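I'm opening my notebook on this one and jotting down what I look up as I go.

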Amino acid sequence: MFEKCGWDGSRVATGARILGLAVLLLCGASTASAQSSLTATLDRSAIRQGERAVLSLTFSGKAPSTAPSIPPHPNLQFSFAGQQSAFHFENGRQSYTVTFNYYVAAGGPGDYVIPSIEQTVDGQTLSTQPLRLRVLKPDPRAADALSRLAFLRLTVPKTRIYLGEILPVEIQLFVQNAQNLQMPQLKGDGFTVGSIVKTGTSQAQVGQSAYQVVIFKTAVSGAKTGSLTLGPAECHLVLRIPSPRSARDPFGFFPNYELRPTQLVSEAETVEVLPLPEANRPPSFNGAVGDFSLAVNASPTNLMVGDPITLTLQIAGRGALDAVNLPPQNWPEFKLYQPTSKIEPADSTGASGVKSFEQAVAPLNADVKRVPAIAFSFFDPDQQTYRTIEHPPIPIQVRPNPTMATRPSALAPASESLESPAASDIVHIKPQLGAITGLHAPLIVRPWFIALQALPLAVWLSAVLWRKRQQHLARNPHLRRRLRVARLISEGLHDLRRSAAANQPEQFFAAVFRLLQEQLGERLDLPSSAITESVVDERLRGDGAPDLLVRDLHALFHLCNQARYAPQRSSQELMSIVPQVEATLKQLAMMKGKGNGR
Amino acid sequence: MDDSSRAAGPGKRANVAMFAFWLLVGATSYADSIDASAAFEDASQLYERGQYAAAAAAYQKLLGSGIVSASTYFNCGNALFKAGEVGHAIISYRLAEQLAPRDPDVQANLRYIRGLVDDPNAQPGFWRRALLILSLDELALLFTTAYWTWGTLLTLATVRGSPQRLPFTFASGWLTLGFGAWLLTSVFLRDFRPAVVVVPEAVVRYGPLEESQSHFTLHDGAELTLLGTKNDWSHVQDGRARTGWVRSDRLASAVHDSFLSSLSDR
């Protein structure tokens, strides 16, 4: 083919090979340049005896050519389930991962730890973090599960917690074929239940049936002590129940399943909520339960008396962060301002994260040398003891502020205070009643006040519109004339009726003549004084005016001429002419004019 | 009597009737104000005699009958403080502050009482105090004046087709924007959901249940921000950004009706 185009086919092929090799080398180089890593994950953190979880070992970058072997475990059995590989392109970078999957089954119920797994790849040793797996007793409804298409399971890692401790809860939905799945609801009288989020799906085998497992997670904490019931969890969905193919539908045009809306209910769990111990409770404890770390930063550290230092405290870890409060501060040498706080959750359930406090503090005198140590106490439910972590004092340099009168330092020898003595009592009562204001809502919420504010705007907009119209008229003299003539005719018709009623034929016909001149002059764009009867034939007829109109105009002009010689007419006669004049003028006004003011 | 006199008769009578009507209205108002002043005096005399609880009840009665003034709230606050009701006193002073934001006596007494309260109250900073130095109505009137002036000058300029008194137009425009921004900021800064502890001790818990663990304890006079309510419980935040739940009957709100209701219930 290339020869037909005049190209040397062999050279093209060689070039293509070189190009392909370069691409491969580039891919390999970019892949090789990526750092290798190994992560281990379990599809579920809790299973029933008889079920299997899936352990996935994911190699990123370099991977072994064969599946790694899992170190034997006395209570867990591992079997290889397959491998998969994938390329990922993210932010212009390419990565390659290989995942080896293993089924994990347990011999009996209990809490197990899958230890760290090590694998050496190309001289580099990669290792995973240990994983926890909880194996529960067999589901007593397991026999029914074979015939059930879906069921719901509530899993808690432990059933004894302390008041205020965060308890992660997992809701597992086992389903074969369903649709319109709604988020599950979890009942918990005496518990504070966090938001429920869907975290993933996996496959599971229960007996001879395969299920898709949808996993939801949330975090709860006990609001009161005692033996409390958590759950049950409820979930609404629509099951697709297979039905035998109908004889009337041998070719399967219609779906062979029926839809059945179903509400699944899990079992409830009894959780013992223990009170926090009274013994050894630190005085600085103010309610935090969990496992936390403390980081403190103060800036600036070189300042003048009265200048604010921004103190940032970050309390990070696992626990109910909204119950974490700023450690108490009794700092007489500082002026404390109101703190602000914000929470950044580390997971979707909010069971862990970072709570940051920001507070401004200002030294009150130049003798202050440090921001005092900050101690944060909390109850660690895993260790079942109170812990206090302390951040050491932060040295600062405080310079005198010449613009401020400093407060006497507590360290300085007692001396007379430069400030005026503090008030020793309240100011006495007022002798006069004063202005009685009564109670009223502020002006800004009263409807009449709000409506009143629209008035200046409305007036100004009206003025703008008026101005625009004036400018438009100023630019269009024909339009001005047309409006003026319309006004003249309206007034003129009134004059006609008045003249007719007063039996004043001279004024009557003079007005008729004048109105005809004005309207004809405006339509023909001629001076009104130059309009005579001859214009009707010379200009109007030629412009395509209807014959009827021309005839009416001639008739009116004729009447006006006649009136010069025979001015005697009765009032009724004059009044009978007015409609004719009005109709003729109206017809004239509707004609297409010569000027721009059409 | 001639025709002109007869014609003037009905008009004259109407004028006299109108004058009598307004005289009656004025007299009634004057009488009401005398009654109010007398009641105020009586309450003040009770205070001077050291009968603080009775004085507080008398001021409460005045406020309940609609005789609302900054002085009434202020004196009521003094009487309540002297009677040992710090929380109610603070509410009364805050209501006085709403009517007279620049009254130095109100500020002084609030400062003094807040210094006595054990719990950290939210002390307004300099800028907050500066922005709240005018009441909402005062700001609204200033804004309206500037806005109407600006609107009038703009309308005149539009009608005449040329800018009229341009510096004044610009100045009134900027004043309108400035007062408008100040008004909006003032609306946001004012704590419209203030609550004060009015019992000697109020336990704040983690949850809205009596069985919930106690979080911290507040004392009479502690000023809080109300975040929400659930049944008989209120979700509150104190001056140290601590949040929790406290029984609603331990609190009173710095709103006139709620304040009077709380005084009656105690």
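How many salt bridges does the rule find across the interface of chain B and chain A? I get 3 salt bridges there, where a salt bridge means a side-chain nitrogen of Lys or Arg within 4 Å of a carboxyl oxygen of Asp or Glu. I looked up one pair, A:Asp425 and B:Lys82, whose side chains meet at 3.0 Å, N to O.

**Ground rules**

I'm working with a predicted model, in which local features need pLDDT of at least 70 and side-chain atom pairs count only at pLDDT 80 or more, while totals for chains, interfaces and linings use all residues. Residues are numbered from 1 along each chain as its sequence is written, chains are lettered from A and ligands numbered from 1 in the order in which they are written, and side-chain values use heavy atoms, with hydrogens and water left out.

**Where the chains meet**

I noted 58 residues from chain B and 49 residues from chain A in the contact, with contact meaning heavy atoms within 4.5 Å. Together the two chains bury about 4,300 Å², and 62% of that is on carbon and sulfur atoms. Buried area here is the accessible area (1.4 Å probe) that two parts lose on being put together, summed over both. On the chain B side, the residues losing the most area to chain A are B:Tyr112, B:Trp148 and B:Gln213, together 13% of what that side buries.

Next I looked up polar contacts and got 19 residue pairs across the interface, both partners at pLDDT 80 or more. A polar contact is a pair of N or O atoms within 3.5 Å; within protein, one must be able to donate a hydrogen and the other to accept it, and residues adjacent in sequence count only if both atoms are side-chain atoms.

Which helix gives the largest share of chain B's side? Helix 7 of chain B does, with 14 residues. (Helices are DSSP runs of H or I, at least four residues, and strands are runs of E, at least two, numbered from the N terminus.) By class, I wrote down 28 nonpolar, 20 polar and 10 charged residues for that side. Nonpolar covers Ala, Val, Leu, Ile, Met, Phe, Trp, Tyr, Cys and Pro; charged covers Asp, Glu, Lys and Arg; the others, Gly among them, are polar.

**A sheet in chain A**

I found an open sheet of 3 strands in chain A, order 2-9-6, with mixed pairing. Two strands pair if DSSP finds at least two bridges between them. Strand 2 (46-48) and strand 6 (110-114) are the edges, each pairing on one side only. Strand 6 and strand 9 (residues 131-136) run antiparallel, joined by 5 bridges, and A:Tyr112 stands opposite A:Leu133 in strand 9.

Most residues other than glycine have a negative phi, and most peptide bonds are trans. I looked for exceptions. A:Gly231 and A:Pro232 are joined by a cis peptide bond, omega about 5 degrees, and A:Pro232 is in strand 18 (residues 226-242) of chain A. Another cis bond joins A:Ser299 and A:Pro300, omega about 0 degrees. A:Asn503 isn't a glycine, yet has a positive phi of about 55 degrees.
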